[in-house]
Amino acid sequence: MIIYSCHGAAKQVTGSCHLVTCNDRRVLIDCGMFQGSEDVERANAEPFGFDPAGIDVLLLTHAHLDHCGRIPLLVRQGFRGRIITTAATRELARVVMLDAAGLQEEEARRAQRRNRSGEAVTPPLYTLDDALHALDFFGADVGYDETVQVVEGISARFLDAGHILGSASILLQLDDGKQQRRMLFSGDLGNPGRPLLRDPTPAPAADYVVMESTYGDRPHRSVPDSVDEMYQAIRETVNRRGNVVIPTFALERTQEILYYLHRGIAGGAIPSHVRVFLDSPMAISATEIFRRHPECFDKGFLDELQHGDPFAMPGLHFIRETAESMAINNVDGGAIILAGSGMCNGGRVRHHLKHNLWRERSSVVFVGYAAEGTLARRIIDGAASVRVFNEEIPVRAQVWTINGFSAHADQPSLLAWLGDVPRRKVFLVHGEYGRGMRAMQEVLAARDVACQLPGLHEPIKID
């Protein structure tokens, strides 16, 4: 018997976590953190919906927090199996999990300092020690298009998903002794035609497909138009002597924005005197990891690497130390500040928003997805003021939302990836229920593709 169940990103965007049971062997695909409002994030401390000690192997599609962020908790609660992923994902996951643990410990200490009630403060979900321990379970790396035997009756092939460095879709070959089935997990799929990474490998033949649907309801704006708009936002802001704050995801988005800033300054689309601050230790580490994994790059980008550093530019400052980050607040204008997190729910970007949101001459440029309930979404939706570090800050800065930089495939790209190969069923996950997910369901139904939206912890018998 083969059973599939979804334990995260079920009728919501974050927390990706999928379980396949075959021959009483249990394979987990991803173990991510829920992100968004406080109500959403409370789910991180709730039971997984399965026994972590009963999981034989974890297959990791990529290193974004909402796909790997609860691995240390999984280990702390009893997981002792292998973790299999690509070399680039293993390196990036290390950075992401250690960063998440450090932020949680810091938040717990801050809450303890503010505690006046004498009640117990909520402990961090996991600690730095937990994250370091989880790294011990990562096994041998797997390459793209390489098939590995996972457990008896289950093999896996990793396919380039083109989403971030090392990202993969995973094709499972399942054999329970009575039937054989192929089940494909898309992971997060990249947007084709981007400059750094290759396009996603089209979905191969598979009986069942578990597919993300983040942007299942709309197409993206073209990349060239998006780049031009970003250059325009920067020029206008610098001309009025303001700062440009760009909340960025540390993995891939930061590197892509650096690449376009490099080209904009070199080509004259951005004033050459502008100062660029990359204020994210995790993004800096990720940029260094990028340089070590040319096996993931698009051929055009590989050619550019032969002629120099496509991330470098005059006036670029890498900011690691907290004191250096605080000093940026003294920059009165003419700076581009890239800082995490992309959804503004944590990280150093909140400090820069606090010091720039109220300034009419400054701008905040959003270049990524913002989940419901996040600080980024509230600003994008036009809030007159927002709460940052327990202080109400008026939003007077110009707000730009540029969705063409998304690392997620849009609706046309998702459909092209899925192709016209017959499927027994497509399971839609990782999308806003009332938007991307339902819209994609309607499109697939119009094409006579059987489709299901799994419920959280719902066991689904495969045939």
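## Terms

Strands are DSSP runs of E with at least two residues, and helices are DSSP runs of H or I with at least four; both are numbered from the N terminus. The structure is a predicted model.

One cavity of 30 Å³ or more is counted. The largest cavity holds about 80 Å³ of space. Its lining consists of 15 residues, and those nearest the centre are His18, Asp30, Ser186, Gly187 and Val429.

By class, seven of the lining residues are polar, five are nonpolar and three are charged. Strand S10, residues 208-212, makes the greatest contribution to the lining of the largest cavity, namely three residues.

Helix H5 spans residues 128-135, and its buried residues are Asp130, Ala131, Ala134 and Leu135. These residues lie on the same side of H5 because they cover an arc of only 145° around the axis.

## Cysteines

The count of disulfides is zero. Cysteine 68 takes part in no disulfide, and the nearest cysteine sulfur, which belongs to cysteine 31, is 9.2 Å away. A disulfide would need the two sulfur atoms within 2.5 Å. Cysteine 68 has a relative accessible area of 0%, so the residue is classed as buried.

Cysteine 451 is likewise in no disulfide. For cysteine 451, the nearest cysteine sulfur is that of cysteine 6, 13 Å away.

Notes
Residues numbered from 1 in each chain as written. Predicted model: local features only at pLDDT ≥ 70, side-chain atom pairs only at ≥ 80, totals over all residues. Heavy atoms only, no water. 1 Å grid on protein atoms, 1.4 Å probe; cavity = no way out; pocket = protein on both sides within 12 Å on 5 of 7 lines; lining within 4 Å. Points joined across faces, edges and corners; volume = space filled by probe spheres on them. Nonpolar A, V, L, I, M, F, W, Y, C, P; charged D, E, K, R; others polar. Buried < 20%, exposed > 50% of the residue type's maximum accessible area, 1.4 Å probe, protein only. Arc of directions from axis to C-beta.
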